[in-house]
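Let's take a walk through this structure together, one region at a time. Have the sequence and the 3D view open side by side as you read.

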Amino acid sequence: MAAERRIRVGVLFGGESAEHEVSLQSAKNVVDAIDPERYEVVLIGIDRKGAWHLADAARFLASASDPRRIELRTAATDLALAPGKSADLVEREAGSALPPLDVVFPVLHGPMGEDGTVQGLLRLAHLPFVGPGVLGSAVGMDKDVAKRLLRDAGIAVAPFITVGRRDGAPAWSVASAELGSPVFVKPANMGSSVGVSKAANELEYEAALDGAFSFDSKVLLERSVTGREIECSVLGNEAPEASLPGEVAPRHDFYSYEAKYLDDVGADLMVPADLDEATARRVRELSVRVFQTLCCEGMARVDFFLTTVADEAFDEGELVVNEINTIPGFTRISMYPKLWEATGLSYPDLIDRLISLALERAGREARLASAIDLESADVAAGEGA
Ligand SMILES: Nc1ncnc2c1ncn2[C@@H]1O[C@H](COP(=O)(O)OP(=O)(O)O)[C@@H](O)[C@H]1O
Ligand SMILES: [Mg+2]
């Protein structure tokens, strides 16, 4: 075994989105947990402008332990990724190719990372990668599209209104009459609670719209669901499995950015969640259905509300899907790896599984593509004859 070459994993992190800092924290944890005997890590830091840099494992982050000051240190080497089967990563200035990567682990949250864009680029470069493909990533990022697909599959989601333009938003009286009060206002394509707020009157509503529209040109207005926040990790390609469910109990008004990443005691995490057996089973089954409905592969975390009161929209004890995260957090407090640990899969084993799932899918896709090539070759030959 010792003679075997280590698998070269490119870890992509940072990025242009408002979740840049969260990604830095996640990347640090992934790198710390990856088994150096089996994997050679190539760190690729993406700065806020979107440029790729080769980073040095020993010093790629400044203020790594302080989430308010954590920062990407960019080294001199700028990288480019070339399309096609052979070239991969190239040093931009020297023009020389780096040793080829075997697989990429995108540890990027939010737009331009988690939304199918990077996944498309990696496919063009014929690089296997961890997590959902182009479609699953794009669908999972867009809360409006994801919720419509779930609703179509008969899966409960909070009633919502999608607004395409700031000046096209319904008046507070209309929104609150339809959705009740308070209303949650959120950008369609974002995460980590960036731009999410809760509005209980006209003044708050207008401010919430301004906030959400500063992050996206599409915004969701949602009925507020009263319930416990339950999360479940899903892992797998064609036969995905769900972890034990966990629970997040925010100590803030809701699970805001502050509560998630800045406040050390912003939320209580229960791993596993205190649920009766039947409810836990329902969460796990529904998580797999959500994962498949939203075209996911590899990994995702599915977040629910378990309602605690009956109202016009839901009975008590209903599972309402809030959202899916196709690149879930891997920070120190993140649920995705914690839930797998509680289910019996350690952090390093989880990384192993994610990488082998990425390689397995890439192998399957490569076979598919060559089958199509053969077919079109036949057609071409037939036409020529
Ligand atoms: N419809 C809702 N009802 C009640 N709470 C909500 C609702 N939507 C969001 N929240 C609260 O806001 C948090 C962030 O919203 P979420 O939709 O999960 O956005 P993000 O993708 O940024 O995590 C949730 O964890 C929850 O605490
Ligand atoms: Mg969320």
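What follows moves from a sheet to a helix and then to a ligand site.

This is a predicted model, in which local features need pLDDT of at least 70 and side-chain atom pairs count only at pLDDT 80 or more, while totals for chains, interfaces and linings use all residues. Residues are numbered from 1 along each chain as its sequence is written, and chains are lettered from A and ligands numbered from 1 in the order in which they are written.

Let's begin with the sheet. Helices (H or I, at least four residues) and strands (E, at least two) are DSSP runs, numbered from the N terminus, and two strands pair if DSSP finds at least two bridges between them. Here 6 strands make up an open, mixed sheet, in the order S7-S6-S3-S2-S1-S8. Strands S7 (88-91) and S8 (103-107) are at the edges with a single partner strand each, so one side of each has no neighbour in the sheet. From one strand to the next, the twist averages 35° (axes are lines fitted to C-alpha atoms, for helices over the stretch in contact, and angles run from 0 to 180 degrees between N-to-C directions).

Strand S1 (residues 7-14) pairs with S8 in the parallel sense, over 5 bridges; Leu12 has Pro106 of S8 as its bridge partner. Across S1, S8 and strand S2 (39-46) lies helix H1 (residues 20-33), which runs at about 155° to S1.

Next comes helix H3 (residues 134-141). Is this helix enclosed or open? Of its 8 residues, 6 are buried, so H3 is largely enclosed by the rest of the structure (buried means that 20 or more other C-beta atoms, placed from the backbone, lie within 10 Å of the residue's own). The buried residues are Gly136, Ser137, Ala138, Val139, Gly140 and Met141. Their cover includes helices H2 (117-124) and H4 (143-152), as well as strands S17 (298-307) and S18.

Finally, find ligand 1. It is surrounded by 19 residues (a residue is near if its C-beta atom, placed from the backbone, lies within 6 Å), and the closest are Gly191, Glu222, Val225, Phe254 and Tyr255. Strands S10 (183-187), S12 (219-223) and S18 (319-325) each give two or more residues to this shell. Domain 2 (132-156 + 226-345) and domain 3 (159-224) both contribute residues, so ligand 1 lies between them; the domain bounds come from an automatic or database assignment.

Note on methods: Two residues are in contact if their C-beta atoms, placed from the backbone, lie within 7 Å. A residue is buried if 20 or more other C-beta atoms lie within 10 Å of its own, exposed if 12 or fewer, and partly exposed in between; C-beta atoms are placed from the backbone.
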